[in-house]
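Please open the structure in a viewer and keep the selection panel at hand.

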Amino acid sequence: MELLGNLGDGFLIALTWENLFLALMGCFLGTIMGALPGLGPSNGVAILIPLAFTLGLGATPSLILLTSVYYGAMYGGRISSILLNIPGDEPAMMTCLDGYPMAQAGRAGEALALSGIASFVGAFFATWGLVLLAPQLVKVALLFGPAEYFALFTLAFATLGGIAATNQAKSAFAAALGLGLAMIGVDTQTGVPRLTFGEVHLYDGIDFLIAIVGLFALSEVFVFLEHRGTDRDISTKPPTAVGRIVPSWSLIRSCIPTMGRTTVLGFIAGVLPGAGASLGSFISYSMEKRLVDKDKTFGTGDPRGVAAPEAGNNAAAGGALVPMLALGVPGSGTTAVLLAVLLALNITPGPLLFTQNPDVVWGLIAALFIGNVMLLAMNIPMVGLFTRVLLVPPRILMPVVAMISFVGIYGISGSPFELLMMVGFGLLGWVLRKLDVPLVPVILGTLLGNEMEVNFRRAVEISNGDYSVLVGSPLAIGLWTVAIVGFVLPIVVGGRIKRRMHMARDEESAISD
Amino acid sequence: MSDRIFGGIGLVLAIIYAWAAAGIQESFLTDEVGPKVFPWIIAVILGLSSVWFLLKPDPDPEWPSWGRIAEIGLAALVLAIYAEALPVFGFLLPTALASAYLTWRLGSRPLESVVIGVLTALGIYLIFRSLLGLSLPREGVELAIDAFFSTIGDLFGNEPAPATAPQGD
């Protein structure tokens with residue numbers, strides 16, 4: 001019952017006019033960002049962090065705004081999948097398979113409404129999962145010492161590429177690059193400047209927000225410049241007409257078992273390290289196809305093929321918040337960006353968050369419930385409005401994205417040096433994406449680098465210089481084992497899974513979920 | 001081939017990184033590990049993965065033509081000049097020029113680009129400065145706009161408060 005009490009307190013915090021307004025704004029902006037190809041949950045949240053920060057919002061309001069954007073983008077991704085056959089973001093990839101054929105058959109409105117309901121079911125029950133599971137995980141996490149934390153961080157990096165990673169050397173390189181960037185600046189323990197090459201601007205270290213906005217948002221602008229006028233240019237496709245919006249009750253009912261199964265599956269995929277929403281929607285779709293596709297209608301516009309990946313990816317989005325909040329270790333790109341929000345607000349996620357800032361945690365969780373209801377209410381009647389957004393051509397949209405990135409970073413730094421660095425990160429992001437080097441480990445490295453080093457040094461310090469303390473407890477050994485298996489397993493089976501995920505859609509993107 | 005070049009650059013980077021880490025001045029008051037060890041571990045991972053790229057490169061990605069690479073480089077240059085111009089010329093003029101350039105290169109017609117650029121700059125300024133009160137670089141035009149809004153605010157008897165004033169937090 002303590003749980004419900006906490007949740008009640010959370011609702012008291014979330015139900016102020018300001019927070020409700022922020023949740024509404026976040027849901028609205030998020031849906032738009034998710035719907036627009038080229039802007040997904042990661043870069044959508046990334047652009048808004050510096051803004052929330054400079055607007056002087058408190059911790060809870062900022063989190064409410066940005067997680068609403070996160071959930072909203074998860075809802076919005078399906079819109080362009082269904083209408084244009086272009087996933088608005090990677091997790092929405094599987095929705096194209098049955099969503100677009102439904103739209104071509106004149107049932108676009110039904111597909112949108114059904115996927116909206118499936119998204120709601122997935123996200124709503126996953127939020128309950130978060131409420132129930134996160135406090136349990138916190139109890140485990142309280143047993144962790146510095147050595148276990150160091151192992152946990154390693155585990156996060158080792159499994160970040162996910163089971164579908166094709167080249168683990170590139171994931172390792174990306175992680176080392178991010179960690180290396182985090183080392184720049186004055187060493188927190190001894191006070192000596194490190195790797196600054198005498199540049200005073202670097203003494204404070206590189207702000208991870210600059211890296212995030214540059215790598216995620218600006219590099220996208222360069223990708224659009226590269227693809228303009230080629231067959232990968234997406235600005236020329238006209239969206240399909242929407243048609244009837246309210247689906248019949250029998251249609252919804254026929255999808256209920258599908259939604260139930262895929263919600264559970266998606267949530268588990270979200271909680272586990274290295275899976276995330278893309279994999280959540282993929283395994284949800286594959287499982288449903290195997291279970292209920294007796295007439296071979298999947299892939300030709302079967303409503304269950306729309307409901308399955310949408311419930312799956314939204315449930316995974318909720319599940320991914322569990323390790324992020326309870327352990328402080330995100331399992332996916334977007335939750336890494338949400339971790340950046342917490343760190344920018346001087347909140348350290350992890351088990352202590354639940355005891356020291358219960359108002360933040362429970363306010364946030366309550367806001368998730370509220371945001372979900374808002375999104376459902378917004379997405380069914382207003383879906384016509386969101387489809388209108390798809391008519392904004394990238395040639396107008398991308399400059400706006402670039403300029404808002406500059407405004408945000410200028411707001412927190414006020415100096416051209418940081419802006420130049422952001423442009424540099426944008427170029428770096430473009431090159432790395434070309435070379436198929438994932439960007440998420442770079443971000444996670446810059447975010448967690450210092451914390452990881454602190455735990456490493458503290459563990460060795462406590463044992464008076466004995467490095468074997470790092471594998472000194474059964475818990476630590478267990479974490480190391482999972483880390484090693486998680487790193488090696490994709491080398492064996494990763495290529496096969498990746499090929500199957502991309503069989504239907506040949507999408508190239510380094511920002512995975 | 002791309003991966004081999006990438007591996008070469010990565011290896012050089014790892015060596016420079018390890019060398020720079022070796023040059024970190026130790027303070028007299030240090031812990032057991034010291035400030036050098038963790039950067040060295042990072043350098044080793046950088047180096048090992050780079051060697052892997054040299055030995056087992058992936059197939060080449062589809063690189064764009066040189067023209068397109070120049071296009072991207074030029075856009076980056078424009079954004080860099082924009083960054084330097086912001087504190088000198090205020091927000092509106094540089095932003096209008098930079099976004100006009102970008103939208104032109106992304107396929108808008110020249111005259112259209114100018115209009116889009118001006119509207120983008122004005123729109124962002126009105127939303128983020130006039131409405132939300134973000135600090136943006138201001139010169140003549142921007143100060144005039146701010147003065148205009150504060151006059152309107154005075155007419156209604158109060159300051160133009162930011163739309164999302166923090167309450168009870």
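Is Asn346(A) buried or exposed? Asn346(A) is exposed, with a relative accessible area of 72%; buried means under 20% relative accessible area, exposed over 50% and partly exposed in between, with a 1.4 Å probe and protein chains only.

Before the next selection, note that this is a predicted model, in which local features need pLDDT of at least 70, side-chain atom pairs count only at pLDDT 80 or more, and totals for chains, interfaces and linings use all residues. Residues are numbered from 1 along each chain as its sequence is written, chains are lettered from A and ligands numbered from 1 in the order in which they are written, and side-chain values use heavy atoms, with hydrogens and water left out.

Asn346(A) sits in the loop between helix 13 and helix 14 (351-356) of chain A; helices here are DSSP runs (H or I, at least four residues), numbered from the N terminus.

Next, select Asp436(A), another residue other than glycine with positive phi, near 65 degrees. Asp436(A) belongs to the loop between helix 18 (416-434) and helix 19 (440-462) of chain A. At 44% relative accessibility, Asp436(A) is partly exposed.

**The cavity**

Now select Ile49(A), Ala52(A), Phe53(A), Ser62(A), Leu66(A), Val341(A), Ala344(A) and Leu345(A), which line the largest cavity. A cavity is a set of points on a 1 Å grid over the protein atoms alone where a 1.4 Å probe fits but cannot get out, and lining residues have an atom within 4 Å of a point. The volume of the largest cavity is about 40 Å³, a volume being the space filled by probe spheres set on the points. Helix 3 (41-54), helix 4 (59-84) and helix 13 (333-344) of chain A each contribute at least two lining residues, and helix 3 gives the most, with three.

**Along helix 3 of chain A**

Select Asn43(A), which lies in helix 3 of chain A and is buried at a relative accessible area of 3%.

**Between the chains**

Finally, select helix 17 (residues 394-413) of chain A and helix 3 (residues 66-89) of chain B, which pack at an angle of about 45 degrees with their axes 12 Å apart. Helix 17 of chain A is therefore oblique to helix 3 of chain B; axes are lines fitted to C-alpha atoms, for helices over the stretch in contact, and angles run from 0 to 180 degrees between N-to-C directions, with those under 35 degrees counted as roughly parallel, over 145 as roughly antiparallel, 65 to 115 as roughly perpendicular and the rest as oblique.

How values were computed: On a 1 Å grid over the protein atoms alone, a cavity is a set of points where a 1.4 Å probe fits but cannot get out, and a pocket is an open set with protein on both sides within 12 Å along at least five of seven lines; lining residues have an atom within 4 Å of a point.
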